[in-house]
Amino acid sequence: MSAFFFGPPERQLFGYHHVPRGTPPGAAVLCPPWAREYQYAHRALHFLAKRLAARGCHVLRFDYSGTGDSWGASTEANTERWAEDIALAVGELRTMSGLEHVDLVGLRVGAFLAAQATADIPGVRRIVLWDPIMEGEAWLRELGVAGAVDGGRLEVGGTIVSRTFVDQIRAIRPETYEAARIERVLFLLTQGDDEGDGFDSSPHLPGVERVWLQQPAPWLEDPSIWAGQVPVEAVKRIVEWLS
């Protein structure tokens, strides 16, 4: 695994490249969650990247603009820019791997961003939508939206963002996923009491495979480890589907 910066000089993104063992059959970009969900899911996404690399896959994990160690401040968060960041990550992984086709794995809001990005990225054939955010308004309530702060900005889940960004999140609906241009989709749900939960509101996409597994939510904190749990069966299913 190697850490590096990529992208244009004025907009450097930070990423990790997990180098595969042997001849790589493919390449995948992991699109993370945001806010505290990013922090808690870091462990699970690292685990997923290692498992994919062990199966011979180039993997790129990265931080969106204004998050983690990438360029910018949280107040510059913008879902359209983040979709462009995914396109930059795909281009970078193509260069590093020498492979044309790159898969996307998006967790939570990362799933929405990955779906949006496919409309402008040729060569992405498969995408994993892992417990995607389907209703932006409901998700904002989960994170918690505080009153306006300096400059009319808002605090969401402990992060200061612009009103424009909040409006972009509020606009997330099942139908917004239908902008995706993709051949195959794994729609993976791990929450709920039974297999039917969540599928009624899933987007109508060609080539979609819907899978339900009852697993721990990696984006929620387990106080005993101060991090999110690793949903081993969910990771196994993703690795098998991409391999």
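How many bridges join strand E5 (residues 103-107) to strand E6 (residues 126-130), and do the two run parallel or antiparallel? The two strands are joined by 4 bridges and run parallel, with Val 105 standing opposite Val 128 in E6. Strands here are DSSP runs of E of at least two residues and helices are runs of H or I of at least four, numbered from the N terminus; two strands count as paired if DSSP finds at least two bridges between them. The model is predicted, so that local features need pLDDT of at least 70 and side-chain atom pairs count only at pLDDT 80 or more, whereas totals for chains, interfaces and linings use all residues. Residues are numbered from 1 along each chain as its sequence is written, and side-chain values use heavy atoms, with hydrogens and water left out.

E5 and E6 belong to an open sheet of 8 strands with mixed pairing, in the order E1-E2-E4-E3-E5-E6-E10-E11. Strand E1 (2-6) and strand E11 (208-212) are the edge strands, each pairing on one side only. On average, neighbouring strands of this sheet are turned by 20 degrees against each other, direction ignored (axes are lines fitted to C-alpha atoms, for helices over the stretch in contact, and angles run from 0 to 180 degrees between N-to-C directions). Helix H2 (residues 79-97) packs on the sheet and touches E1, E2, E3, E4 and E5, contact meaning heavy atoms within 4.5 Å. The direction of H2 makes about 145 degrees with that of E4. Helix H6 (residues 232-242) also packs on the sheet, touching E5, E6, strand E10 (184-189) and E11, and its direction makes about 170 degrees with that of E6.

Within this sheet, strand E4 (residues 57-62) is mostly covered, with 6 of its 6 residues buried (under 20% relative accessible area; exposed is over 50% and partly exposed in between, with a 1.4 Å probe and protein chains only). In a regular strand the side chains alternate between the two faces of the sheet. In E4, Cys 57, Val 59 and Arg 61 point one way, while His 58, Leu 60 and Phe 62 point the other way. Strand E2 (residues 13-18) runs antiparallel to E4 and is joined to it by 4 bridges; His 17 stands opposite Leu 60. Strand E3 (residues 26-31) runs parallel to E4, with 5 bridges between them, and Ala 28 has Val 59 as its bridge partner. E3, helix H1 (residues 36-54) and E4 make a right-handed β-α-β unit (with the strands pointing away from the viewer, the path from the first strand over the helix to the second runs clockwise).

Buried residues of H2 include Trp 82, Ile 86, Val 90 and Leu 93. At the start of H2, a side-chain oxygen of Asn 78 reaches to within 2.9 Å of the backbone nitrogen of Glu 80. H2 is followed by Gly 98, whose phi is positive, near 75 degrees. Glu 100 lies in the loop between H2 and E5 and counts as partly exposed because its relative accessibility is 49%. Not counting residues up to four places away in sequence, Glu 100 touches Arg 94 and Gly 123.

A further open sheet is formed by 3 strands in the order E7-E8-E9, with antiparallel pairing. Strand E7 (145-148) and strand E9 (159-161) stand at its edges, each with a single partner strand, so one side of each is left without a neighbour in the sheet. The twist averages 25 degrees from one strand to the next.

Key
Polar contact = N/O pair within 3.5 Å; in protein donor to acceptor, adjacent residues only side chain to side chain.
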